[in-house]
Amino acid sequence: MSVSDPNHLNESEYVESVRRERKRSQYQSAILSVIGILGFLILWQLSLVTGLVNSRFLSSPIEVVSLFITKLTDPRPDGAVIGANIVSSLIVALSGFGLAIVIGIPLGLLMGWYKGIDSFLRPIFEIIRPIPPVSWIPLTIVWVGIGLQAKAMIVFFAAFVPCLINSYTGIRQTREVLINVAKTFGASDFTTFLKVGIPYSMTMTFAGVKVAIGNAWATLVAAEMLAASSGLGYMILMGRQFGRVDLVILGIAVIGLIGTLITIIINAVENKILGWRKL
Amino acid sequence: MSKAKGEYKVEVKNLTKYFGDLHVLDDISFNIKEGEFICVVGPTGCGKTTFLNLLTKIYEPTKGNLFIDGEPADPKKHNLSFVFQEPSSFPWLTVEENLRFGLEIKNVDKAEIDERVESIISLLGLERFRNSYPHQLSTSMAQRIIIGRAFVTDPDLLLMDEPYGQMDVKLRFYLEDEVIRLWQELGSTVVFITHNTEEAVYLAEKILILTNKPATIKEEVIVDLPRPRDVTSPEFVEIRKYVTDQIKWW
């Protein structure tokens, strides 16, 4: 009974060779990614330098970077430095997103596991689910104004749905035989829920969280464009009003970069919890 | 069957199961002594798995019941273990955590768990793999962990549902010997379901032969060959042939 070793390597040699192989392919894909991004930026810059695209409609990456540096200290023209806009947007996005995780995931898990809760809540959820999150904007303005709460609420609606659906679907897919293992060991239904159902659902749940952060970010910008006095969405809107293409592009780029950063953080948490899949 | 109550570890009385109109099991009664190894054989699709699922209380019987030490069996009170036909290790737990799972559910205290899990790890020779995850191991290795997980709880009744259905002959012999070793070492009471008559004769002290649906016990065959058993000895072949003739599913 030994692990299979096709080339008659002993175990440590085999592990070493696999590790080397993996490292090499990681290195390769890192290089390719960097080339991809650089290539994109160069093409972008070239298209403007050569006059292929009119600079009234698009500003170059170099201009955007220099505007970013200026905006670090200069609140013009939209009224806030870039840092303040980022913080303002992040607070809204993360509070809505956090709330969606804290409420959506447990609710999804409970609905997926307990039939009664499912029958009780699912009809309401099915009605709320297809409503586009931005259609709540007028109502929330009436209810709570245009402050943090209003925007967080809209973001919450957008992020809540994928959190709930994925944890719900994930836990319902729990393999029957694993539930039976716990039951024959004498586990109560609640223990089985905790020790079998929840761990089983985590793969799907994390996929939902990633969709949710995307939705949250997208909705945030929409919310800020309609009802806000600061934030990245607001900055983009001001850029449009002042005819400042560079400001609009800066807003878009910053949103993209922060979204990527958040995804990296979520992936790290996922690797920590679902690390067993990769080994 | 006329023996006094309390003499048997497990008593199965008039076990009957209907799924809607489908009559799967018909009035099955038998007894198991403490530490006995019983094999259940029968034609394919005769309800062997249903029979096991009734014993573990995954399904409730339509009629009849299962008694352990004279009390109606209850997974919360009695110590039951089940080795399922399909892979059933928890993919998110390491080998060692999988082995601990049942004991933790039963709230055994930690020192006791450590000790029992250590001994089963060394009995199965799993030291190198204790921190591996099941998907990193071969199918047969993963199945051994499941068998270890079942034995480690020191069950009143251990049920095994064709655990070696997917294995080739060589592995099968190796794992069968391992089960025998664990059984002898730990003195568990085992009910082992198989459709392989050779396996049944190799393992069992007593073989229960089931009939076609609705299944009932056709015959009990006592196998009193010495261990380790030789599958080619005339006595072995004779019993195997007899059991096979009784099943005749082809």
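# Reading a sheet, helix pairs and contacts

Modeller: Strand E3 (residues 37-41) and strand E9 (residues 206-210) of chain B run parallel and are joined by 4 bridges. This is a predicted model, in which local features need pLDDT of at least 70 and side-chain atom pairs count only at pLDDT 80 or more, while totals for chains, interfaces and linings use all residues. Residues are numbered from 1 along each chain as its sequence is written, and chains are lettered from A and ligands numbered from 1 in the order in which they are written.

Biologist: In what order do the 6 strands of the open sheet in chain B stand?

Modeller: Strands (E, at least two residues) and helices (H or I, at least four) are DSSP runs, numbered from the N terminus, and two strands pair if DSSP finds at least two bridges between them. Here the order is E6-E7-E8-E3-E9-E10 of chain B, with mixed pairing. The edge strands, each pairing on one side only, are strand E6 (80-83) and strand E10 (217-222) of chain B, and the twist from one strand to the next averages 15 degrees.

Biologist: Which residue in E9(B) stands opposite Val40(B), and which strands does helix H1 of chain B touch?

Modeller: Opposite Val40(B) stands Leu208(B) of E9(B). Residues are in contact if their C-beta atoms, placed from the backbone, lie within 7 Å; helix H1 (residues 48-55) of chain B packs on the sheet and touches E3, E7, strand E8 (190-193) and E9 of chain B, its direction making about 155 degrees with that of E7(B). Such angles run from 0 to 180 degrees between N-to-C directions, and axes are lines fitted to C-alpha atoms, for helices over the stretch in contact.

Biologist: How should I read the angle at which H8(A) and helix H9 of chain A pack?

Modeller: Angles under 35 degrees count as roughly parallel, over 145 as roughly antiparallel, 65 to 115 as roughly perpendicular and the rest as oblique. H8(A) and helix H9 (residues 232-241) of chain A pack at about 55 degrees with their axes 7 Å apart, and are therefore oblique to each other. As for handedness, a crossing is left-handed if the near helix is turned anticlockwise from the far one by less than a right angle, and right-handed if clockwise; H8(A) passes H9(A) in a right-handed crossing. Among the residues that make this contact are Leu220(A) and Met225(A) of H8(A) and Tyr234(A) and Leu237(A) of H9(A).

Biologist: At what angle do the axes of H7(A) and H8(A) cross?

Modeller: They cross at roughly 155 degrees and come within 10 Å, which makes H7(A) roughly antiparallel to H8(A). This crossing is right-handed, and the contacting residues include Leu178(A) and Ile179(A) of H7(A) and Val196(A) and Tyr200(A) of H8(A).

Biologist: How many residues does each chain bring to the contact between chains A and B?

Modeller: Chain A gives 15 residues and chain B gives 20 residues. On the side of chain A, helix H7 (176-184) and helix H8 (189-226) are the elements that give two or more residues, and H7(A) provides the largest share, 7 residues.

Biologist: Which domains does the assignment give for chain B?

Modeller: Domain bounds come from an automatic or database domain assignment, and that of chain B gives domain 1 (1-79 + 155-250) and domain 2 (85-154). Their C-alpha centres lie 24 Å apart, and 16 residues of domain 1 of chain B are in contact with 11 residues of domain 2 of chain B. H5(B) gives the most to the domain 1 side, with 6 residues.

Conventions:
Two residues are in contact if their C-beta atoms, placed from the backbone, lie within 7 Å.
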